[in-house]
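The report below describes a two-chain model, moving from overall make-up to individual residues. Terms are defined where they are first used.

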Amino acid sequence: MRKKTVAFIIIVFLMVPLCVYAGPPLEAVKTQVNKVIDVLRDSSLKGEAGKKVKREKIRNISENMFDYTELSKRTLGQNWSKLNAGQQTEFLGLYKTLLEDAYADKIITYTDEKVVFGKETTLSEKTAEVQTTIITKKADIPIYYRVIQKGAAWKVYDVVIEGVSLVSNYRNQFKEILLNKTPDALLDTLRKKVGKA
Amino acid sequence: MKLTAYVLIMLSFIFIGYNRASAEQSSPESQTVISVPQQETTPPIEQAKPAVIVEPQQKPAERQKTAAEPEIIEEEPTIQIADPIRPWNNAMYHFNDKLYFWVLKPASKGYSAVIPEDMRIAVSNFFDNVTTPVRFVSSILQLKIEKAGNELLRFVYNSTAGVCGLADAARADLGIQRQEEDLGQALGSYGIGHGFYIVWPFFGPSSLRDTVGLIGDTFLDPVTYVNPLEASVGITAYDEVNTVSLHIGDYEDLKKSAVDPYVSIRDAYLQYRKKKVEE
């Protein structure tokens with residue numbers, strides 16, 4: 001009786017870590033990041049034309065990887081409600097273009113850097129943080145992906161590079177603009193920024 | 001049998017405990033329930049206009065949507081810093097910006113055209129090795145004995161196996177990273193706040209606290225004690241050009257991605273320093 005109980009306790013305790021570290025967030029990030037790496041290492045894509053194809057492919061991956069609605073909402077925070085439905089849609093599109101333009105160019109300069117996947121931490125019931133490290137010649141750069149569960153999938157809603165959260169960084173910028181300007185003025189600034197004025 | 005029941009009760013406590021722990025973890029993300037008031041969804045200009053007849057036609061649909069599911073927008077707390085000397089900071093931001101594009105970048109580009117990347121990394125490693133006292137003392141002051149030990153070990157290993165610190169052999173062979181510690185972080189770990197934001201010409205973003213730290217760091221940096229002063233300044237400038245040559249494009253990317261580069265840099269500095277202090 002006693003032996004059985006002890007065995008039961010042990011088994012249950014072994015199961016607890018499985019509940020805590022379910023793994024899907026890490027798997028989701030891993031799959032998408034590896035897809036990006038495959039594109040970057042594709043030696044058949046060379047020169048300017050190759051770069052263009054690479055950029056397009058990465059854009060497609062990012063579409064699946066990120067939840068841009070969640071990202072936009074979190075970036076504007078309480079200011080999100082100051083935008084009407086039309087403005088929200090436009091903001092989402094412009095913000096997405098801004099991020100893609102800024103980061104796609106940066107990412108395709110990477111070639112022989114290695115990505116190491118670290119641990120996964122639960123932030124809340126539906127959100128988690130996946131730690132990764134990019135190993136460059138000079139140093140290791142920690143990049144953490146914050147993911148949220150949407151249906152069966154886990155989507156990225158924030159990227160934290162060296163402790164700097166992308167969403168928080170933009171939120172502070174937009175907050176200052178919205179402090180003394182209207183949402184329309186903010187959209188106009190964004191339009192100019194991404195060249196869609 | 002009694003024991004099994006007891007164990008089950010215990011386990012249920014553990015699970016409840018776990019759930020509570022995860023709830024606590026999520027609590028810093030302040031949840032704000034926003035049930036969008038109708039006036040706010042319409043632009044302020046339309047409010048002023050007496051075009052009341054047109055508006056209600058659009059409203060019901062929107063109202064239904066918001067009434068059915070009040071939107072929950074999660075928001076991580078942002079960190080803020082006082083910026084009372086913003087005009088000065090702004091001027092210095094522009095000064096440093098020009099300094100980069102007109103002086104540092106061309107110099108670094110010319111330099112990197114002559115010196116291959118591997119050699120520039122070696123130079124950077126050399127300077128990192130020389131400034132070990134800064135990181136060692138800062139670790140000690142925070143009673144981070146392991147970090148201090150790692151720095152000491154790195155210094156000995158890199159100075160010998162790494163040939164005078166030119167190679168970061170400790171990272172490659174032993175897997176020991178440079179411990180990024182400085183006096184500003186030590187002060188931060190004592191619970192001293194930033195004070196306010198300061199942008200220094202040449203040195204870039206800083207704060208009252210980190211400026212004090214930076215002055216202390218200079219005293220711990222052997223390069224400071226090089227005679228004559230011109231040589232010391234020259235070495236520092238060379239170190240800077242070498243560092244920039246390894247990071248050409250980073251500042252441009254930051255500016256390109258930012259909507260307001262001044263605010264973006266200020267926030268990035270704060271977030272970065274916060275993480276460093278916590279580590």
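How many helices and how many strands are there in chain A? There are 7 helices and 5 strands in that chain, where helices (H or I, at least four residues) and strands (E, at least two) are DSSP runs numbered from the N terminus.

## Basis of the model

This is a predicted model, in which local features need pLDDT of at least 70 and side-chain atom pairs count only at pLDDT 80 or more, while totals for chains, interfaces and linings use all residues. Residues are numbered from 1 along each chain as its sequence is written, and chains are lettered from A and ligands numbered from 1 in the order in which they are written.

## Overall make-up of the two chains

Along its sequence, chain A follows the pattern α-α-α-α-α-β-β-β-β-β-α-α, and its C-alpha atoms fill a box of roughly 75 × 45 × 30 Å along the principal axes. Of the 197 residues of chain A, 26% count as buried, a residue being buried if 20 or more other C-beta atoms lie within 10 Å of its own, exposed if 12 or fewer, and partly exposed in between, with C-beta atoms placed from the backbone. Among the contacts of chain A between residues at least 6 apart in sequence, 50% join residues at least 24 apart; two residues are in contact if their C-beta atoms, placed from the backbone, lie within 7 Å.

Chain B has 14 helices and 4 strands, and buried residues make up 23% of its 279 residues. Of the contacts in chain B with a separation of 6 or more, 66% are between residues 24 or more positions apart.

## The sheet of chain A

The 5 strands of chain A form an open sheet in the order β1-β2-β3-β4-β5, with antiparallel pairing, and its edge strands, each pairing on one side only, are β1 (114-122) and β5 (164-165). Two strands are taken to pair if DSSP finds at least two bridges between them. Within this sheet, β2(A) and β3(A) pair in the antiparallel sense over 9 bridges, and A:Thr133 stands opposite A:Pro142 in β3(A).

## The largest nonpolar core

A nonpolar core is a set of buried Ala, Val, Leu, Ile, Met, Phe, Trp, Tyr and Cys residues joined through C-beta atoms within 7 Å. The largest such core has 28 residues, of which A:Val29, A:Tyr95, A:Val130, A:Tyr145, A:Val147, A:Val156 and A:Tyr157 touch the most other members. At least two residues of this core come from each of α2 (24-41), α4 (68-76), α5 (85-107), β2 (127-135), β3 (140-150), β4 (153-161), α6 (166-180) and α7 (183-193) of chain A. Leaving aside residues up to four places away in sequence, A:Val147 touches residues including A:Pro25, A:Ala28, A:Val29, A:Val130, A:Trp154 and A:Tyr157.

## Helices of chain A

The helix α4(A) is mostly covered, with 7 of its 9 residues buried; these are A:Glu70, A:Leu71, A:Ser72, A:Lys73, A:Arg74, A:Thr75 and A:Leu76. A:Gly77 follows α4(A) and has a positive phi, near 55°.

The axes of α6(A) and α7(A) come within 8 Å and cross at roughly 130°, axes being lines fitted to C-alpha atoms, for helices over the stretch in contact, and angles running from 0 to 180 degrees between N-to-C directions. That angle makes α6(A) oblique to α7(A), since angles under 35 degrees count as roughly parallel, over 145 as roughly antiparallel, 65 to 115 as roughly perpendicular and the rest as oblique. In this pair, A:Phe174, A:Ile177 and A:Leu178 in α6(A) meet A:Pro183, A:Leu186 and A:Thr189 in α7(A).

## Backbone features of chain B

In chain B, 4 bridges join the antiparallel strands β3(B) and β4(B), and the bridge partner of B:Val199 in β4(B) is B:Pro205. The hairpin of these strands has 3 residues between them, and B:Phe202 takes a positive phi near 70° there. With 12 C-beta neighbours inside 10 Å, B:Phe202 counts as exposed.

B:Val163, in the loop between α8 (145-160) and α9 (169-174) of chain B, likewise has a positive phi, of about 50°, although it is not a glycine. B:Val163 is partly exposed, with 13 other C-beta atoms within 10 Å. The peptide bond from B:Asn227 to B:Pro228 is cis, with omega near -10°, and B:Pro228 is found in the loop between α11 (208-220) and α12 (229-245) of chain B.
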